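Let us walk through this model, one side-chain feature at a time. Keep the viewer open as you read.

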Amino acid sequence: MGRAPASVWALVVVGLVALGSSPLLIRLAGDVPALALAAWRTSVVALVLAPVALGRSRAEIQALTRRDLALVVAAGVLLGVHFMGWIVSVQLTSVASAAVLVTTTPVFIVVLGAVFLSDRPSRRTASAIGVSVVGAVLIALGQESEGAVYPNPALGNALALGASLVMSVYLLIGRSVRQRVGFVTYFWTLNVVAALTCLAGCWAAGVPLALPLPVALLAAAMGLGPGLLGHGSFAGALRYLPAALLGLLSLAEPILSSIGALLWFNEVPSPVAVVGMVTVLAAIASVVSAGSGKRGG
């Protein structure tokens, strides 16, 4: 893995705090089309980075190989899909449930590695994956009992899991590309594609992009905070840290989000949901501590 500079670790910590604010900002935006929020969020990042990318990094962008460009485009599409699914999930279920389920990324990374990279998981890893599924079911059941509070907990939880799966592929692609491509070139191109993907989603669904000024400001905050600082820190760290390790670090996000939801919205998870959340987090921690299942057993 190599040694990451201290500045990388500091940036990741800042990024985690920013990512933890994401579901809170989404909830504050209220009953606004999720696809519009996703389009604004990604577009803000692309616009903010455009002067630097088109100035300092223009030559590197133009020098991208077809393979690297195709990989960045694929990652950008996945990131756009992730945002759309993630934001919808927060609007349908609790902040805590969505935040926990979306951090099952390390489990998916292990599974994808086993399927596509012939990286067979150990018994411990396979067991942890099974336990995480049980935890996800407990979370869903816990939120179903509060159906009067959340519009569609089952669908929201499913979308959060789907967003996690998409994110795992995005991280694996990003880990590969970032070994060869600079941060600004990668992250700006990535967000341009993500923004276009979200805009296409809005067009296909007939969702208007116009937002009230207060909501537009929240969307801009999503772009500058979770988008630029949060995902930007992870994109930068991918050059130094494995995707599975970053997935493990992302487990701090639901803790921060849940604390914020408790303080701001008085959103207290049901006991069953809490058990499910602890189960999922423990299972994911077990996967990573086992060395991401690299040794068969």
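Is phenylalanine 183 buried, partly exposed or exposed? Phenylalanine 183 is partly exposed, because its relative accessible area is 29%. The scale runs as follows: buried means under 20% relative accessible area, exposed over 50%, and partly exposed in between, with a 1.4 Å probe and protein chains only.

A word on the source. This is a predicted model, in which local features need pLDDT of at least 70 and side-chain atom pairs count only at pLDDT 80 or more, while totals for chains, interfaces and linings use all residues. Residues are numbered from 1 along each chain as its sequence is written, and side-chain values use heavy atoms, with hydrogens and water left out.

Stay with the aromatic rings. Rings of Phe, Tyr and Trp (its six-membered ring) pair if their centres lie within 6.5 Å; planes under 30 degrees apart count as stacked, over 60 as edge-to-face and the rest as tilted. This rule gives one aromatic pair. Phenylalanine 183 and phenylalanine 187 form it, stacked, with 5.4 Å from centre to centre and 15° between the planes. Both sit in helix α10, and because they are four residues apart, about one helical turn separates them. Helices are DSSP runs (H or I, at least four residues), numbered from the N terminus. Phenylalanine 187 is buried, since its relative accessible area is 0%.

Next, charge. A salt bridge needs a side-chain nitrogen of Lys or Arg within 4 Å of a carboxyl oxygen of Asp or Glu. The count is one salt bridge. It joins the side chains of aspartate 68 and arginine 180, at 2.6 Å from N to O. Distant parts of the chain are linked here: aspartate 68 lies in helix α5 (residues 66-92), and arginine 180 lies 112 residues away in the loop between α9 (153-177) and α10 (183-205). Aspartate 68 is buried at 7% relative accessibility. Arginine 180 is partly exposed at 41%.

Now the cysteines. A disulfide is a pair of cysteine sulfur atoms within 2.5 Å. The structure holds zero disulfides. Cysteine 198 is buried at 0% relative accessibility, and cysteine 202 is buried at 2%.

Finish at arginine 239. It occupies the loop between α11 (213-237) and α12 (243-249). Its C-alpha atom is 5.2 Å from that of arginine 178, 61 residues apart along the chain. Arginine 239 is partly exposed at 39% relative accessibility.

Key. Helix = DSSP H or I, 4+ residues; strand = E, 2+ residues; numbered from the N terminus.
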